[in-house]
Amino acid sequence: LQSLMDAQNLRIEELLQKIKQQQYKLDKQNLQIKSLQSKVSSHRALNLLRKRDSGPPSQGVSFPAGLPEDCHQLFLAGQQSSGVFQVQPAGSEPFKVYCDMTAEGGWTVIQRRTDGSVDFDQLWDAYKNGFGDLHGDFWLGLEKIHHLVQEGRYNLLIELEDWEGNSQVVQFAFSLGGESTAYTLTLLGPLSGELENAIGDFRQLPFSTRDRDHDLKADTNCAKHLSG
């Protein structure tokens, strides 16, 4: 009788392992389907950031370090046209950014994805340092973004547009930690827009790539399964 029970328990364990493996495969397929749906439904994604303290443009604004700290400071100095400019946040070497100048201020574009010309399935170092072309599709780089936002209060603006021209926007107050925190994005609260539910209940999101898994799913590398 004991031998029979042991054999049954072993069989149950084997079945449970098979169920677990099948569930993992289903979860992986669901993630891949969601990734494909995202690629089909949205053909343009734009992420921008801007300091929250704003004011009217003034020709008298000067830059103590010789260069503006960000696009909004450049806007306040009277720059009205969008384009690529050199900035120098406090404690950072100068680097180039794309500035989107609007009626409400100067937005620093940190990501643009429009035509699929740039592969965003990149490793940690690429996301840390940035890749792509500032005049086309690109990712600015986590280290540059961290330098931009560490000295002030910034808003993150996310714009999405599908193939039919329908667009949605959400704006958050946020902060971004350094590399020691895996560049954790802390959302301080939605300010406007209809996409806040897409974030769910998460308010602290460490950055994750396929070679450095920091996401909040213990059994899945989301960056790997979603191809970036």
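**Burial, strand pairing and salt bridges in a predicted chain**

Of the 228 residues in the chain, 36% are buried, where buried denotes under 20% relative accessible area, exposed over 50%, and partly exposed in between (1.4 Å probe, protein chains only). The model is predicted, so that local features require pLDDT of at least 70 and side-chain atom pairs count only at pLDDT 80 or more, while totals for chains, interfaces and linings use all residues. Residues are numbered from 1 along each chain as its sequence is written, and side-chain values use heavy atoms, with hydrogens and water left out.

The chain contains five helices and 10 strands; helices (H or I, at least four residues) and strands (E, at least two) are DSSP runs numbered from the N terminus. Among contacts with a separation of 6 or more, 48% are between residues 24 or more positions apart, a contact being heavy atoms within 4.5 Å.

The largest nonpolar core comprises 42 residues, and Trp139, Leu140 and Phe174 have the most contacts inside it. Such a core is a set of buried Ala, Val, Leu, Ile, Met, Phe, Trp, Tyr and Cys residues joined through side-chain atoms within 4.5 Å. Strand β3 (residues 95-102) provides the largest share of this core, with five residues. When neighbours within four places in sequence are left aside, the contacts of phenylalanine 174 are Leu49, Val149, Tyr154, Asn155, Leu156, Leu185, Thr186, Leu187 and Leu188. One of these, Val149, is also among the buried residues of helix α4, together with Leu142, Ile145, His146, His147 and Leu148. Helix α4 (residues 142-149) is largely enclosed by the rest of the structure, because six of its eight residues are buried.

Strand β4 is likewise mostly covered, with eight of its nine residues buried. Strands β3 and β4 are antiparallel and pair over five bridges; two strands are taken to pair if DSSP finds at least two bridges between them. A hairpin of two residues connects β3 to β4, and methionine 101 is placed opposite glycine 106 in β4. Strand β4 also runs antiparallel to strand β6 (residues 138-139), to which two bridges join it. In β6, phenylalanine 138 stands opposite arginine 112.

The structure holds four salt bridges, each defined as a side-chain nitrogen of Lys or Arg within 4 Å of a carboxyl oxygen of Asp or Glu. One of them joins the side chains of arginine 210 and aspartate 121 at 3.0 Å, N to O. Arginine 210 is in the loop between β10 (204-205) and α5 (222-225) and aspartate 121 is in the loop between β4 (105-113) and α3 (124-129), so this pair ties together parts 89 residues apart in sequence. Arginine 210 is partly exposed, at 38% relative accessible area.

Another salt bridge is formed by the side chains of lysine 128 and glutamate 179 (2.9 Å, N to O). Lysine 128 belongs to helix α3 and glutamate 179 to the loop between β8 and β9, and the pair links parts of the chain 51 residues apart. Both are partly exposed, with relative accessible areas of 22% for lysine 128 and 32% for glutamate 179. Glutamate 179 also meets arginine 212 in a salt bridge (3.9 Å, N to O). This pair connects the loop between β10 and α5, which holds arginine 212, to the loop between β8 and β9, 33 residues apart. Arginine 212 is partly exposed at 36% relative accessibility. Through shared partners, the salt bridges join Lys128, Glu179 and Arg212 into one network.

The loop between β8 (167-176) and β9 (185-193) also contains alanine 182 and tyrosine 183. Alanine 182 is not a glycine but has a positive phi of about 60 degrees; its relative accessibility is 9%, which counts as buried. Tyrosine 183 likewise has a positive phi, near 50 degrees, and is buried at a relative accessible area of 0%.
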